[in-house]
Amino acid sequence: MEAPFALVLLIVGGCFAFLLAFGIGANDVANSIGTSVGSGAISLKKALVIAAVFEMLGATTMGSLVSATIKSAIISPEHPLFDANPALFALGMFSAVASSSLWLLFASFLGLPVSTTHTIIGGILAFASLEAGWQAINLAKVINIVLSWVVSPALGGLLAFLLYGSIHLFILKAVDPYGRAMALLPLYYAGSVAVLVGIVAQAVATLVSKSPWALAIAFGGTALIALATGLVTKWALVPWLRRRDLLYCDITLPYSHHRADFETDEEDLPTDSDPLMRRAAHKSSSGGHTDFDTVSLSESEGRVALESDSGSDSQDAIPVDLLHTKHVQTKFKYLMILSAVFIAYVHGANDIANAVAPYGVLLEYYRHGDVRAGGQIPVYVILGGGVGIVVGLAVLGKRVMQTVGEKIVKLSFSRGFAAQLGTAMTVAVGTALKLPISTSSVLVGAVTGVGLIKGADGTPIQWKILIKICLAWVGTLLVGYAITAGIYFLLKLILHITLLPPLLNSTTTNDTLQLVL
């Protein structure tokens with residue numbers, strides 16, 4: 001009787017685990033990269049590729065850290081009740097993953113950026129507290145997790161605020177924002193890589209070896225990678241951006257200042273009848289050139305005159321605001337894409353455990369008849385979760401992306417980069433500490449952090465939407481608790497009456513039956 005029951009839990013639980021991964025993709029991953037898509041840094045198709053590759057990479061390299069916490073650190077499978085009745089523990093995890101998947105799909109359809117972590121933790125607490133009492137729960141670990149839910153959004157917001165504040169102060173408010181941006185780009189690239197790679201390398205080194213040499217190698221490698229990133233940015237990326245900008249300014253800059261985004265689509269290029277194109281053709285045919293490295297600012301007129309090599313002012317002028325905002329903002333586009341890669345990696349390392357860890361319990365119960373084996377989650381289970389994440393992002397992710405990337409506060413490239421990097425740093429720290437951090441709540445905190453700094457490249461924070469999201473977080477924990485409790489006791493009642501009286505024998509079940517009868 002036990003083997004068929006375990007097989008049913010494994011198969012049906014696998015379906016719910018895939019649905020939960022689908023919900024993670026539709027909701028949590030959409031939160032993670034919603035800022036990149038919402039700002040126009042990358043398209044949805046490119047976001048799918050980034051998510052598919054780096055969510056998988058993060059899950060396979062660091063996913064076991066948080067998975068171990070969800071599987072056995074919150075509730076011990078060796079508690080006397082669960083030790084004597086491992087089916088109860090397996091059924092509880094099944095109920096938690098089922099309730100979480102249903103709630104996440106519902107929230108994703110409504111476009112609410114709720115937290116998968118809050119849902120699954122609420123579900124686990126539900127069946128354990130109602131079945132075995134609060135003494136079965138590791139309250140110290142739960143308190144640490146709950147505190148991390150409060151601290152992590154604040155930390156993400158603080159980091160994003162400081163990062164964007166440095167960009168706003170040292171670049172956007174500079175007399176020559178373009179030149180300052182080019183000078184500081186290597187520092188931002190190197191610093192971003194150093195922080196994220198350093199945190200990840202430290203966690204992986206600790207996981208692989210306890211030797212202090214492993215940490216030394218990890219930090220030494222991080223320093224070399226950061227140095228190489230800064231040098232490549234200075235010697236290759238910055239010169240390439242300058243060369244591209246010279247050509248781009250000559251052709252398209254005066255024609256782009258009425259557009260919301262600064263792109264280089266071919267249909268936006270001027271035709272041969274445009275005055276600027278005729279001037280460029282004349283310069284080319286006469287052997288002359290326009291030196292766009294020398295730009296005279298006329299703040300009183302609010303325009304920028306381009307000076308040619310002959311010293312005469314061109315009749316074509318570029319709005320000063322464009323050089324200060326739109327044009328300079330494009331220099332952060334690739335940094336924003338890089339931070340999207342980071343956030344996909346750390347999200348995969350942390351949040352994929354919400355789907356695969358409960359299923360790992362069901363798999364152990366099916367294989368061994370108990371839940372104390374404590375083995376590693378197979379790679380094919382993690383890959384299956386990764387597929388569910390990508391599918392969910394493709395099908396329903398756009399709804400949540402619009403909420404995070406556009407509705408809370410309109411994000412420029414520099415704001416989006418700061419918000420994403422602040423989020424990635426916070427989640428990476430949480431993963432290294434084996435804490436199930438809510439990526440969605442951290443990102444919303446980070447987006448709010450950059451929104452606190454007013455500037456021409458952003459819009460005011462939509463506080464009503466932000467309050468709605470915060471209420472959804474609290475509601476998610478309670479909903480996860482309530483739905484899991486309902487599913488758990490309903491399944492226990494059905495199984496106790498029809499199939500498995502010896503297998504699901506417990507005081508709570510008998511009390512429930514007495515109340516029903």
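**Notes on a mostly helical model**

1. Start with the overall picture: buried residues (under 20% relative accessible area, with exposed over 50% and partly exposed in between, using a 1.4 Å probe and protein chains only) make up 55% of the 517 residues in the protein. Keep in mind that this is a predicted model, where local features need pLDDT of at least 70, side-chain atom pairs count only at pLDDT 80 or more, and totals for chains, interfaces and linings use all residues. Residues are numbered from 1 along each chain as its sequence is written, and side-chain values use heavy atoms, leaving out hydrogens and water.

2. The protein has 17 helices and 3 strands. Both are DSSP runs numbered from the N terminus: H or I over at least four residues for helices, E over at least two for strands. Take contacts (heavy atoms within 4.5 Å) between residues at least 6 apart in sequence: 79% of them join residues at least 24 apart.

3. Have a look at α4 (residues 86-110) and α5 (residues 116-132). Their axes come within 9 Å and cross at roughly 145°; axes here are lines fitted to C-alpha atoms over the stretch in contact, with angles running from 0 to 180 degrees between N-to-C directions. On the α4 side the contact includes F89, M93 and W103, and on the α5 side I120, F127 and E131 are among the residues involved. The residues of this contact divide into 10 nonpolar, 5 polar and 1 charged. In that count, Ala, Val, Leu, Ile, Met, Phe, Trp, Tyr, Cys and Pro are nonpolar, Asp, Glu, Lys and Arg are charged, and the others, Gly among them, are polar.

4. Staying in α5, H118 sits in this helix. Is H118 buried or exposed? H118 is buried, because its relative accessible area is 6%. Setting aside neighbours within four places in sequence, H118 is in contact with W149, S438, W473, T476 and L477.

5. Next, α6 (residues 139-172). Its 34 residues should span 50 Å at 1.5 Å a residue, and its end C-alpha atoms are 47 Å apart, which agrees; the expected span is 1.5 Å times one less than the number of residues. There is a kink of about 30° at V151, shortly before the proline P153. The bend at a residue is the angle between axes fitted to the seven residues ending there and the seven starting there.

6. Finally, α14 is mostly covered, with 18 of its 20 residues buried. K434, in the loop between α14 (413-432) and α15 (439-451), has a positive phi of about 65° although it is not a glycine. K434 is partly exposed, with a relative accessible area of 40%.
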